[in-house]
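Thanks for coming. I have one model to walk through, and I will keep it brief.

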Amino acid sequence: MKASQLITRGLVLLLLFVSVACDGSDSASGTGEASIQDSTQTVDTTLKLYVFECGRLRFDTVENFSIGNDETDVRDLVVPCYIIDHPAGRMIWDGGLPSYVADTEGWHDNERIGRTAQLDRTLAEQLSELELGFDLNSFDYMAFSHIHYDHVGVANEVRGARWLVQRGDFDAAFAEPATVPALQPELLANLRDGDYLILDGDHDVFGDGRVQLISAPGHTPGHQVLFLDLVETGPLVLSGDLYHFRLSREDRRVPVFNVDPMLSLASMDRVETLVAERNATMWIEHDLALFETLRTAPEFYE
Ligand SMILES: [Zn+2]
């Protein structure tokens, strides 16, 4: 009796094993239909963030950022660009230094005392070298944290994308005479008659909450930051120029050239509340020391 019970158990276990093994091989290799569904689902849920270096800035003094020169040794800022690859479309966030800066090898003098700029490779060059499968004609949307020249450098070269811009910055971009410092209106010339959407506050770009423009005025009239809900990396806020230095954030320092200091402080409060509520990481975009720890394209965050 015991022997027959053992044989029965053995047969049951064998059948279970065969059944599990068959299921396993089905899902691994897959019949056509099953594997197509799987790969479609993978593509549909992936939100990717690519990070690029789009220049550097060097300052003789940091006093314009309301920081004493003895409070930090940092004089170099990185100028990044980002590409957000969402299943429903692709967006560029911040456009780096103007491509003409790359014409000068080394540090380019902006004809402004105390500030120089450097751009080794334009974004167009980087995209062509990296062969990511997209170029400056491949974007559905372009959005910049604000209209300062170091954030819209590539704007005129982007074709076929809808510009997502807060009303304050749209008006300031084409105001004569200029009402905002550090503006080079010619960098936005092609956008004036292009496809744009003027925003009056926060904007959920793809309608699923994963890519959101958050209004944070003060640095310029229509400054905004970007909230991303990444699956592996987690919630992430790209700061724009809400802060330039770590001390700016720690001690709520408002640069002397912000168009509205009180509004800047209110925007800091608003964004910090979002960061706390969503348990988000914030990247201070210009933070070179942080940037050097990031994965740059062709690697990505997801
Ligand atoms: Zn900036």
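Let me start with helix 3, whose buried residues are covered by elements that include strand 1 and strand 2. This is a predicted model, in which local features need pLDDT of at least 70, side-chain atom pairs count only at pLDDT 80 or more, and totals for chains, interfaces and linings use all residues. Residues are numbered from 1 along each chain as its sequence is written.

A few terms. Helices (H or I, at least four residues) and strands (E, at least two) are DSSP runs, numbered from the N terminus. A residue is buried if 20 or more other C-beta atoms lie within 10 Å of its own, exposed if 12 or fewer, and partly exposed in between, with C-beta atoms placed from the backbone.

Helix 3 spans residues 123–130, and its buried residues are Leu123, Gln126 and Leu127. Seen down the helix axis, they fall within an arc of 95° (taken from the directions from the axis to the C-beta atoms), so they line one face of helix 3. After the helix comes glutamate 131, with a positive phi near 50°.

Now strand 1, residues 48–59. Of its 12 residues, 9 are buried, so strand 1 is largely enclosed by the rest of the structure. What does strand 1 pair with? Pairing requires that DSSP finds at least two bridges between two strands. Strand 2 (residues 76–86) runs antiparallel to strand 1 and is joined to it by 9 bridges; there, glutamate 53 stands opposite proline 80. Strand 5 (residues 115–118) also pairs with strand 1 in the antiparallel sense, over 4 bridges, and its arginine 115 is the bridge partner of phenylalanine 59.

Technical notes:
Contact = placed C-beta atoms within 7 Å.
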